Amino acid sequence: MKHKEWILIVLLFLLVVSFGCVGESKPTNETKLDVEQGVGVVGKLKFDELHPGLEGYISLDVRSNLEGEGAGNVLIAIDNVNPFKIVECGVVHNNANDNRKCSGQLDLDKGLPVREHKTRQLVPGNEINVFWRLKAPGKDEISNIALKHPLYYTVSYDYNVKFHQNIVFMSQNEMIKRRQAGEDYMISGESGNTAGELRFSGSTQQPIIYFFDYGPHEKEESTFSFATQYLVENKGKGFPISDVVVLLEYPKDGIALDDSTPEGTPNYQVYGWHKWNNWDGKILLDDGSSIDCRTGDENNPQINCKIWVEQTLGDDFKKIDTTHLIAKVIKRENFVDSFSIYAPFVMTGKERTHLRDSNIPMKIYPFNVYAMYRYFTIGKDYITVYPVRGI
């Protein structure tokens with residue numbers, strides 16, 4: 001065989017191998033959670049192929065967002081199970097709400113209905129797989145035709161989000177000077193948000209323009225009133241099933257809560273806020289009575305709001321200066337998918353005087369927002385039982 005023919009054969013062989021490799025390569029696209037998800041279902045329900053009267057598995061992958069704060073008391077369940085039966089602990093359960101007698105897959109499974117799985121904690125970035133073993137209805141029940149049955153899955157969990165924002169304050173003189181010079185004076189401070197279904201964004205008009213009453217080294221300035229504003233949006237595919245507790249930590253220096261009483265009630269209370277250190281942790285009702293926060297958890301439906309906050313935030317709460325912390329509770333029946341909250345503050349006279357006498361034209365103050373709630377999402381898929389032909 002000639003040298004050129006050998007070369008041609010080798011080239012053809014390499015070409016065939018190359019096409020073979022391409023044909024067998026199957027790129028995998030991992031499902032990622034977006035920033036509006038604290039906990040999400042990765043993909044869909046996965047099913048074994050089921051035949052009448054036989055058993056198979058369905059499974060679900062649930063992940064906690066790496067950019068979030070982690071979730072607690074994560075409850076995953078399936079619903080509308082009948083006419084299928086759940087096989088658990090070696091027993092075929094005719095009722096999906098039968099309590100589990102064995103330990104189950106997750107740490108809090110024991111004693112729950114067999115259609116549910118629960119874990120105490122799901123840290124950011126972690127993923128769990130839960131499964132159920134189902135027994136399909138017999139061929140007599142499906143009349144020897146394929147049965148396509150809707151199956152629902154639900155995920156509920158405790159969650160908290162953080163939002164921080166630097167708010168820019170600018171003197172009126174500095175604003176005028178910049179505007180006359182043709183410079184940009186519409187400056188906003190940086191902000192950041194953790195992942196989660198309830199999204200907080202700052203809608204305070206910036207910069208906040210303040211002015212001076214006196215010249216340098218004259219009388220001490222009076223306080224300057226302003227309000228911060230935040231837009232709250234439910235960006236998830238579900239809704240909170242608990243009350244929503246919002247905390248706002250304001251700067252330690254130069255900024256104070258507006259507790260003036262123009263109408264006999266402190267201004268911050270008019271906006272629904274409580275001073276953390278003076279709050280009893282209760283929600284005040286219209287009839288003058290008070291109740292604990294409703295958690296949305298069937299096993300622990302109500303708890304003092306302050307205790308709930310401290311348990312939810314854990315070590316993060318210890319880092320908060322509670323002398324500069326206010327709290328607001330949004331009752332679950334009052335929650336809508338988009339709304340604004342306001343918080344009234346003042347720049348102290350001492351701070352204003354300092355800025356004037358030190359000729360400081362602009363200053364940035366940090367504000368931190370925390371919110372906690374229990375969230376509920378629901379999904380739907382179809383499970384099909386195929387008749388066995390010829391039997």
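Trainee: What makes β10, β12, β22 and β15 an open sheet, and in which order do they run?

Mentor: The order is β10-β12-β22-β15, four strands with antiparallel pairing. Two strands count as paired if DSSP finds at least two bridges between them. Strands are DSSP runs of E with at least two residues, helices are runs of H or I with at least four, and both are numbered from the N terminus. The edges are β10 (198-202) and β15 (255-257), each with a single partner strand, so one side of each has no neighbour in the sheet.

Trainee: What kind of model is this?

Mentor: The model is predicted; local features need pLDDT of at least 70, side-chain atom pairs count only at pLDDT 80 or more, and totals for chains, interfaces and linings use all residues. Residues are numbered from 1 along each chain as its sequence is written, and side-chain values use heavy atoms, with hydrogens and water left out.

Trainee: How do you know that β15 and β22 pair?

Mentor: DSSP must find at least two bridges. β15 and β22 (residues 338-347) have three, in the antiparallel sense. So they meet the pairing rule. Ala256 stands opposite Val346 in β22.

Trainee: Which strands stand at the edges of the five-stranded open sheet?

Mentor: That sheet has the order β1-β2-β7-β4-β5, with antiparallel pairing. β1 (39-47) and β5 (91-93) are its edges, each with a single partner, so one side of each is left without a neighbour in the sheet. Neighbouring strands here are turned by 30° on average, direction ignored. β1 pairs with β2 (residues 55-64) over six bridges, in the antiparallel sense. Phe47 stands opposite Ile58 in β2.

Trainee: Why is the link of Cys89 and Cys102 called a disulfide?

Mentor: The cut-off is a pair of cysteine sulfur atoms within 2.5 Å. Cys89 and Cys102 lie 2.0 Å apart, S to S, so they qualify. Cys89 lies in the loop between β4 (85-88) and β5, and Cys102 in the loop between β5 and β6 (116-122), so the pair ties together parts 13 residues apart in sequence. The torsion about the S-S bond is -70°, and the link of Cys89 and Cys102 is left-handed.

Trainee: Why is Cys89 called partly exposed?

Mentor: Buried means under 20% relative accessible area, exposed over 50%, and partly exposed in between (1.4 Å probe, protein chains only). Cys89 has 33%, so it is partly exposed. Cys102, at 27%, is partly exposed too.

Trainee: What is the handedness of the disulfide of Cys293 and Cys305?

Mentor: The sulfurs are 2.1 Å apart. The torsion about the S-S bond of Cys293 and Cys305 is about 100°, so this disulfide is right-handed. Cys293 is in β19 (residues 293-294) and Cys305 in α4 (residues 305-313), so parts twelve residues apart in sequence are tied together. Cys293 is buried at 0%. Cys305 is also buried at 0%.

Trainee: How do you know that the buried residues of α2 line one face?

Mentor: In α2 (residues 172-180), Glu174, Met175 and Arg178 are buried. Down the helix axis they fall within an arc of 100°, so they line one face. The arc is that of the directions from the helix axis to the C-beta atoms. On the other side, Asn173, Lys177 and Gln180 are exposed.

Trainee: What makes Arg294 and Glu333 a salt bridge?

Mentor: A side-chain nitrogen of Lys or Arg must lie within 4 Å of a carboxyl oxygen of Asp or Glu. The closest N and O atoms of Arg294 and Glu333 are 3.1 Å apart, so the pair qualifies. Arg294 is in β19 and Glu333 in the loop between β21 (325-330) and β22, 39 residues apart. Arg294 is buried at 13%, whereas Glu333 is partly exposed at 49%.

Trainee: How do you know that Lys363 and Glu351 meet in a salt bridge?

Mentor: Their N to O distance is 2.8 Å, so the pair meets the cut-off. Lys363 lies in β23 and Glu351 in α6 (residues 349-357), so parts twelve residues apart in sequence are tied together. Lys363 is partly exposed at 28%, and Glu351 is buried at 9%.

Definitions and conventions
Axes are lines fitted to C-alpha atoms, for helices over the stretch in contact, and angles run from 0 to 180 degrees between N-to-C directions.
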